[in-house]
Amino acid sequence: SSPIVIVMHGHTCAGKTDLSKRIAAVHNVELIQSCCIRQELYPHLTDPDSYILTHREYRESATHVYEIIHEKLAQSLRKCETAIVVDGSYPFRQWRSSVYQIAHQQGARIVVIQCRCLDEAEIERRIRVRAADDSLLSTERARTLDVYHSSIRDVEPLTEDELQAYGENAFIVHYDSLRNSFEFPTNVPDEIRTLMLCAGPR
């Protein structure tokens with residue numbers, strides 16, 4: 001069967017990185033992480049206490065990060081037979097469209113996992129825990145609850161029509177990180193359902 005590109009999507013502290021790491025580890029597949037690429041490209045911008053980016057600066061630096069992600073994805077898909085996980089927030093439809101097109105051009109199926117946590121108290125707790133964790137890359141550390149609210153305001157909503165052009169080879173799966181549960185569309189293949197559920201329980 002054709003390979004699967006698993007695209008993570010969601011707001012700050014929604015559970016994207018945790019789930020993407022579990023999927024990659026359980027199935028021994030490649031994981032492309034935006035935070036690692038950002039750290040490599042912009043090491044001077046990775047201390048959350050040392051800089052403030054304007055919206056324009058953020059958009060420019062993040063656009064570069066996603067360009068590198070998509071280059072890596074295109075290269076990896078040439079030799080991939082199973083799955084590749086792409087961990088990034090993908091807040092803008094333009095960036096999501098780019099990853100869909102790359103996957104489609106190389107004959108891969110597309111699964112977008114929309115991660116969410118609807119409990120703001122839990123979001124705040126996760127922010128505190130991550131900010132204090134020295135083992136994390138600084139780009140993985142959410143800075144404040146204000147950053148969370150800002151990320152929510154800036155996101156262009158993920159909609160089903162984004163994937164209509166790719167027919168039965170593209171799916172949106174919803175993941176509630178607070179309950180650690182998935183919601184699948186009725187037409188999702190068992191192979192994809194199993195891929196997610198095997199990595200779900202902690």
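Predicted model: local features only at pLDDT ≥ 70, side-chain atom pairs only at ≥ 80, totals over all residues.
Y90 has a positive phi of about 45° although it is not a glycine.

**Residues with positive phi**

- As background, most residues other than glycine have a negative phi.
- To find Y90, look in the loop between β3 (83-87) and α4 (93-105).
- N28 is also not a glycine, and its phi is positive at about 55°.
- This asparagine, N28, sits in the loop between α1 and β2 (30-33), and α1 is the element that N28 follows.

**Helix α1**

- Helix α1 covers residues 16-27, twelve residues in total.
- From its first C-alpha to its last, α1 reaches 17 Å, close to the 16 Å expected at 1.5 Å a residue.
- Which residues of α1 are buried? They are K16, L19, S20, R22, I23 and A24.

**Helix α5**

- Helix α5 runs through residues 120-131 and has twelve residues.
- Its first and last C-alpha atoms are 16 Å apart, close to the 16 Å expected at 1.5 Å a residue.
- E122, I123, R126 and I127 are the buried residues of α5.
- Viewed down the axis of α5, these buried residues fall within an arc of 145°, so they line one face of the helix.

- The volume of the second largest pocket is about 160 Å³.
- Two elements, β1 (4-10) and β4 (109-116), each give two or more residues to the lining of this pocket.
- Which element provides the largest share of the lining? That is β4, with three residues.
- The lining is made up of H9, G10, H11, Q114, C115, R116, I152, V155, P157 and L158.
- By residue class, the lining of the second largest pocket divides into five nonpolar, four polar and one charged.

**M8 in strand β1**

- M8 is part of strand β1.
- M8 is buried, with a relative accessible area of 0%.
- A separation of 9.9 Å lies between the C-alpha atoms of M8 and Q33, which are 25 residues apart along the chain.

- A disulfide is a covalent bond between the sulfur atoms of two cysteines.
- How many disulfides does the model have? With a cut-off of 2.5 Å between cysteine sulfur atoms, the count comes to zero.
- C35 is in no disulfide, and the nearest cysteine sulfur, that of C36, is 4.1 Å away.
- C35 is buried, with a relative accessible area of 6%, while C36 is partly exposed at 29%.

Key
Residues numbered from 1 in each chain as written. Heavy atoms only, no water. Buried < 20%, exposed > 50% of the residue type's maximum accessible area, 1.4 Å probe, protein only. 1 Å grid on protein atoms, 1.4 Å probe; cavity = no way out; pocket = protein on both sides within 12 Å on 5 of 7 lines; lining within 4 Å. Points joined across faces, edges and corners; volume = space filled by probe spheres on them. Helix = DSSP H or I, 4+ residues; strand = E, 2+ residues; numbered from the N terminus. Nonpolar A, V, L, I, M, F, W, Y, C, P; charged D, E, K, R; others polar. Expected span 1.5 Å × (residues − 1). Arc of directions from axis to C-beta.
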